[in-house]
Amino acid sequence: MTAGGAESRKQEVAHSGEEARRQPLLFLCHRIPYPPNKGDKIRSFHLLHHLSQHFEIHLGSFVDDPEDWPWAPELEKYCASVFLRPLKPRLATLRSARGLLTGQALSVPYYQDRELRQWAAGVATQHNIRHAIVYSSSMAQFLPARVPFQRKVIDFVDVDSDKWQQYAAQKPWPLSWVYRREARCLLALEQALARQFDAGLFVSSAEADLFHQLSPDTAHKIGFYNNGVNCEYFDPELDEDDLQLNPYPEQALPLVFTGAMDYWPNVDAVLWFVREVLPELRRQYPQVTFTIVGGSPTRAVRQLAQEPGVAVTGRVPDVRPYLKYAFAAVAPMRVARGVQNKVLEAMAMARPVLVSARGLEGIAAEDGQSVLLAETAMDYGRLLGRLLQGDYPELGKSARQCVLQGFSWDENLPEVVLLLGKNAAQPRYAKETLE
């Protein structure tokens, strides 16, 4: 986009923000957007927070983690009304099997809920709501069909159908068959929703461009806004007392992985790293340790703590010390879609990040300048050796600068306000960025 085009876009955003001010907005989200302690909740919370400055928000969402219920009152700071429904994953998984009979993507019956559907219809009528934003394709089923919305925007976040296709490639039959079916059905749903909504958004230009290829007839309505990082919070120079506490043993050479540890791509990544990479690393460098930081670790992840040099923390009150004092952060993702917040946060903390190509998708960081690409055990050994020798002395500084320049919530979220405006233009188009 040219400088003149960017300035014109800013003026459009400002005008739309004034138009939208205090208009009611229906916000439907598949998981309570607070606390912002995992990837999808970080994005949904910042979206909610930004839109609350322009709209009177009525939020409908699910709570799938009992530990999140005490945080529900925090949402009243941003919303005119909040309606939360409990979701029990095991029961929801059983319910999702109905999709095999109806031909639906399994994620649709997974989230079916009569009370949320009734609330959405009632609140839209009561408050004369004419603007709506849906966060994730599975929540579109709750948008009241009889309400004459002026603007409807959907944040797909990732091309989820492609993620299920990746899952299928990693799983044996019959799961591989179920996952391929889910990929096919979910793509059909994503394409249908892209036609129904006024605009559809993804987490990066790469995700939007992939969807342009999968749904070319809706390409004119598909755009993106990048995730952001709170670089004032993720700042290695902060003087806060908590940041001065080194969580690692003395003389250790700590590597760290951060993320929700009940999320299968994260589980797959750490299992692969411990089994295929860490033994050789520790043979070359016995002081290497590997710490897995993140809530709800699965049994397979917890068992990794029995391996030499491995620690599994579970949820921690503050992830920043684990990043600040790590020798390097690793993100050996073998299955991924969208943008990895774990990578952005480590970069913001000015740490060297060793990341797979899949883990770097959607992040415009140059190999050898802001991050280091690593795919094999040999790559990790070679790059760790070079870091120990003092190569890449500016890597951490460059990584933080990359995040500061491209991943600001304040810069990226006004795009959504513009798209919800009465006279909204087309969304920012991924091909403009890639050309």
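Q: In this predicted model, a residue counts as buried when its relative accessible area is under 20%. What share of the 435 residues of the chain counts as buried?
A: Let's start with that cut-off: a residue under 20% relative accessible area goes into the buried group. Applied to the 435 residues of the chain, the buried share is 56%.

Q: What radius of gyration does the chain have, and why does it count as compact as a globular protein of its length?
A: The chain folds into 18 helices and 13 strands. For 435 residues the globule rule gives 22 Å, and the chain comes close to that, so it is as compact as a globular protein of that length. Its radius of gyration is 22 Å.

Q: Which strands lie at the edges of the six-strand open sheet?
A: Strands of a sheet pair through backbone hydrogen bonds, either parallel or antiparallel. Here the pairing is parallel, and the order is β10-β9-β8-β11-β12-β13. An edge strand pairs on one side only, which is the case for β10 (310-314) and β13 (372-373).

Q: Which residue in β12 is the bridge partner of Val 330?
A: Look at strand β11, which covers residues 328-331, and strand β12, which covers residues 353-355. These two strands pair in the parallel sense over three bridges. In β12, Val 330 has as its bridge partner Leu 354.

Q: How far apart are the mean positions of the positive and negative charges of the chain?
A: Lys and Arg count as positive, Asp and Glu as negative. That gives 47 positive and 51 negative charges in the chain. The distance between their mean positions is 8 Å.

Notes
Residues are numbered from 1 along each chain as its sequence is written. This is a predicted model: local features need pLDDT of at least 70, side-chain atom pairs count only at pLDDT 80 or more; totals for chains, interfaces and linings use all residues. Side-chain values use heavy atoms; hydrogens and water are left out. Helices (H or I, at least four residues) and strands (E, at least two) are DSSP runs, numbered from the N terminus. The radius of gyration is taken over C-alpha atoms; the globule rule is 2.2 Å times the number of residues to the power 0.38. Buried means under 20% relative accessible area, exposed over 50%, partly exposed in between (1.4 Å probe, protein chains only). The place of a charge is taken as NZ of Lys, CZ of Arg, CG of Asp or CD of Glu. Two strands pair if DSSP finds at least two bridges between them.
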